[in-house]
Amino acid sequence: MRVSTSWIQQQSVGSMMNRQSDLSDLNTQLSTGKRINQPSDDPVGAARALDMSHLIADAAQYQRNITSANARLGLEEQSLANTGNVLGRVRTLLLQAANGSQTDDTRGDIAAEMVQLRQQLLGQANSKDGQGEYIFAGNRTGTQPFASQGSVSYMGDAGQRMVAAGPGLQVATGDPGSAVFMDIPTGNGRFAVSAAAANAGSAVAGASSVSDPAANPPAWDGGSYSIVFTAADAYEVRDGGGVVLDSGSYDPDKGGSVTFRGAQIAFSGAPAAGDSFALGASAKQDVFTTLDNIIKTLRTPNGGGAQMQNDINTQFANLDQAIDAITRTRGLVGARMNALDQQSGLNDDLTLQYKTALSDVQDLNYYDAISQLGAQTTALQAAQQTFTKIQGSKLFDYLR
Amino acid sequence: MADMLSTGVSGLLASQIGLSTVSHNVANVNTDGYSRQVVSFGARLPEGQGGFYIGTGVNTVAVQRAYSQFLNSSLWSASSGQGRASAMASLTGQLNNQLSGSTNLQTSLDSFYGAVQDMANAPSDTATRQVLLARAGGLATTFRALSGQFNQLSGQIQQQIGDAVDAINTDTQSIAKLNEKIRSFSSTDGTPPADLLDQRDALVKKLAGEVGISVVPQNDNTISVFAGNGQALVTGTEAHALGTVANVYDATRVEVVGAGSGSVISGRIGGGTLGALLDFRSNVLDPAQIQLGRTAQAMASAFNAQHAQGVDLYGAIGGSFFDVAGPAVQGASGNTGSGTVTASIDDIGALSGKEYLLSYDGSAWSMRDTSGNAVALSGSGTSADPFKAAGLSLVVGGSAGAGDSFRVQPSRDAAAGFKLAIDDPDKIAAAAPFAVSAGAGNTGSASPSVSISDGSDPNLLAPSAIVFSSPTSYSIDGGPAQTFTPGQPIVHNGWSMQLNGAPQAGDSFSLQANSNAQGDNSNALMLGKVANLGLLDGGVTSAGRAYSQLVSQVGGAGALAKDELTTQTAVYNQAMSAQQSVSGVNLDEEAANLVRYQQAYQASAQVISTANSIFNALLGAVRS
């Protein structure tokens, strides 16, 4: 076939251009380390790389959220631990105060320490996080939640801040002060026992409980009742209207327990005829009121009689409920931090997967690229040499 | 012996013509469109000498160009394809460059939503709120920058269309002039000069690279040239110029018109640079702009909607967070009536990415998309009952004349106007608007969740109490008993309360403004979720995903154009090789011919010299 001299030259130049353009592409790929430098290099891959980058950014943000949540929960946990310590000290002191060997004076000393503890407790309840937000104020983080003017009132709300820790997983990063410090049930959590102020005997109401609390319908009906000792060794259970529901005998020397309608109350000491104890469904009482009541009881100058024992027992039950609330909240906080840690591990795993996938999509295979670079360079050199050879041999050269 | 002399002279002359032609060929070895010329010789009529004939030398019969009509036609069509492919590759390359640069919308979206979540982690912290506003500003800038780049490219294309039309007109005029010359040569000499034909063919090839054409040869050696759709560009000695006019709906958009008819032929031109420009504009750039606009609208409307479900630090319901342009409506320049059309988005999930023409026939309105498919309209077009179609809500006003039409572009320029609507960090609505609580003594399992259904209700934030007198009946604030249907929300004062679980008689729920709750991040968390919320295409495509679609759409067009360029270049090279194998100059061949004619010339000269010496011998014989 005939070939045209200028066309063969143009084609040689064209093919050298193509080799050079291939080399330039390879150069871009090798210097960026990326296979896709323009969407047109791999349209589907480019879109997929964007999706992957988005997932990676999402996971990184979840990790940031978890870090911030852990910081907040850590502070709450610290605060709750301190609160637990304060309440533990209160309990120890209360145990001491219940000891028969105490005098009005020593109880007064104990009460004085308790006043300090109450201050500490208030301080913990009003603690702030690193950003100056009140930890236990619910969502009203700019308002001091516990204001003490005689009694303590809660100025926060019941809000609970959540954090997005993963796709579809939100974890609370706080507990409102109302749940931690305020709305604590009295007594054993189901009902509370209190001795009538006019009791003359030495009978003391001790531990109380509800039998079979899971039964449905519950055995304890949550009503108001009174246990009246009609004699030192006999009692009657009466409902709110004074109707006698139950009666039984009581051994003042050994003590004993009264059981009715699912409620069980242990008594000790010798009641006087006419002494009575009131039973009512648990109410809500804040921990500060419980402390105030303890201090008031300890400061009552009555020589540690049965009345004081009964009061102390009542406060013991309330105090234990408060300690219980703190412990439970700490448990919740721990569980949340646990969940966050797990999610964090999961996010890390996912990030690794996404990054691997992203790398598969957009990163350059260096071995491949470098061997291509070699091949393309050789091809270019070959094209150049061929060109000079072909251009150098012309019939005109021989016509001399 | 005079015969020998004249025969020698004829050989000499013939060789000279051969040598001239070789020289001409060698001189034009690099001339674009040149066809090598070939001399054909014929023996002269012999002289009869009774029983036999004596040859009398050579005649030069013709100098012709080596030419194949078929190969040239293939070359023109390949040139059309190549011109189109190379323009397309360069245009899509430009667009791809714009999307591979630093203005990556996905990155902006990610850092914006990251800031939303950081704000959710510390909603009362002014610093995080400031950062969020800064990132939101960055996102808006990215939207505008991308849109600006697209618009710039669009502007360049208008310019290039004008340039291409000018180039086409220049070429058609030159072709018409060559036609005239060729015709006049043909009528006087019979055959037109090969070099003029070559010039004309080269121009036709150039024209084919600018626009797809078909060429029809005429009897008088002229050619007629038609653009792909049959629009005449050259007939005989007359050139028909193409023109450009503004689009009837959009003065900034250039359309191509035929000279005589004046009708718009933009959509019917294929091939060549002009074909590529028009194709790129309507099939790559327009959809990319629309997709970006759709993304901006979806992003802004979803974020604004969620923002309006919260309250800011001032206790006010969240206002617009982003501003974005709505649908644009342009009346045709030839509208006769005073009719107006206003369009708004009715359902962002139903937006199709198409554009529409709304026209009035004197009694009724009808709509079709820009590819001509009819779109059914519901409603009557009044503001109380607007036309609804394809996610749009259209209200017509004034009195439109029969034949008036309006173009509706739902999303085209939306991204250009994307901006931040608030600049006060305290106006970010991170908190829930209501504090809702279930009564302490509730025995049912219902838990309430409340959203705002009408943010303009003056009593929206007024406290309310809902008391159930039975599982199916409730009253609000001691009002009349109302029936409760499980699963249906309770709507009052502009809010809507959904109960999960079953309420019991005596259960109560109270609702009040979430005052003073600067630490509340409920709405901020919901705002963070908008990032992955399906918004477009019936609620399956998130804003980020829509952007990936845009990237793969543009990347796909770019990859296709690259492939097509490779293919078309191969086709062009093939056609060129074939044509050149017939018409191209080969220097070796010319060198051989040079030697051939030189030898023939020398031989003829020798013949003359011999004739001379014979004649001298004769004279000498006579003299002696």
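In chain B, strand β22 (residues 447–452) pairs with β27(B) in the antiparallel sense over six bridges. Helices and strands here are DSSP runs, H or I of at least four residues for helices and E of at least two for strands, numbered from the N terminus. Two strands pair if DSSP finds at least two bridges between them.

Before going on, some housekeeping: this is a predicted model, in which local features need pLDDT of at least 70 and side-chain atom pairs count only at pLDDT 80 or more, while totals for chains, interfaces and linings use all residues. Residues are numbered from 1 along each chain as its sequence is written, and chains are lettered from A and ligands numbered from 1 in the order in which they are written.

Back to the pairing. Opposite Met497(B) of β27(B) stands Val450(B). Strand β26 (residues 490–492) of chain B also runs antiparallel to β27(B), joined to it by three bridges. There, Ile490(B) has Met497(B) as its bridge partner.

Buried means 20 or more other C-beta atoms within 10 Å of the residue's own, exposed means 12 or fewer, and partly exposed is in between, with C-beta atoms placed from the backbone. In a regular strand the side chains alternate between the two faces of the sheet.

The hairpin of β26(B) and β27(B) has two residues between the strands. Asn493(B) lies in that loop, and its phi is near 50°, a positive value in a residue other than glycine. Most residues other than glycine have a negative phi. Asn493(B) has 19 other C-beta atoms within 10 Å, so it counts as partly exposed.

Asp477(B) is another non-glycine residue with a positive phi, about 50°. Asp477(B) sits in the loop between β24 (473–476) and β25 (482–483) of chain B. Buried or exposed? Asp477(B) counts as exposed, because it has 12 C-beta neighbours inside 10 Å.

**Chain B as a whole**

Chain B has nine helices and 28 strands. Its radius of gyration, taken over C-alpha atoms, is 41 Å, well over the 25 Å that the globule rule gives for 624 residues, so chain B is more spread out than a compact globule. That rule is 2.2 Å times the number of residues to the power 0.38. Along the principal axes, the C-alpha atoms of chain B fill a box of roughly 160 × 55 × 35 Å. Of the 624 residues in chain B, 43% are buried.

The domain bounds come from an automatic or database domain assignment. For chain B they give domain 1 (2–66 + 584–623), domain 2 (72–288 + 541–576), domain 3 (327–410) and domain 4 (433–516). The centres of domain 2 and domain 4 of chain B, taken over C-alpha atoms, are separated by 61 Å.

Elsewhere in chain B is an open sheet of three strands, with antiparallel pairing and the order β13-β18-β17. β13 (340–345) and β17 (387–389) of chain B are the edge strands, each pairing on one side only. Between β17(B) and strand β18 (residues 392–397) of chain B there are three bridges, and Lys388(B) has Ser393(B) as its bridge partner in β18(B).

**Chain A and the interface**

Chain A is divided into domain 1 (41–186 + 285–363) and domain 2 (191–282). Their contact takes nine residues from domain 1 of chain A and 13 residues from domain 2 of chain A; contact means C-beta atoms, placed from the backbone, within 7 Å. On the domain 1 side, helix α6 (residues 306–362) of chain A gives the largest share, seven residues.

How many residues of chain A are in contact with chain B? The number is 45, in contact with 52 residues of chain B. α2(A) gives the most to the chain A side, with 13 residues.

Last, a hairpin in chain A. Strand β9 (residues 234–239) of chain A and β10(A) pair in the antiparallel sense over five bridges, with Tyr235(A) opposite Gly248(A). Four residues lie between the two strands, and Gly242(A) in the turn has a positive phi of about 85°. Of the six residues of β10(A) (residues 244–249), zero are buried, so the strand lies largely in the open.

Definitions and conventions: Contact = placed C-beta atoms within 7 Å.
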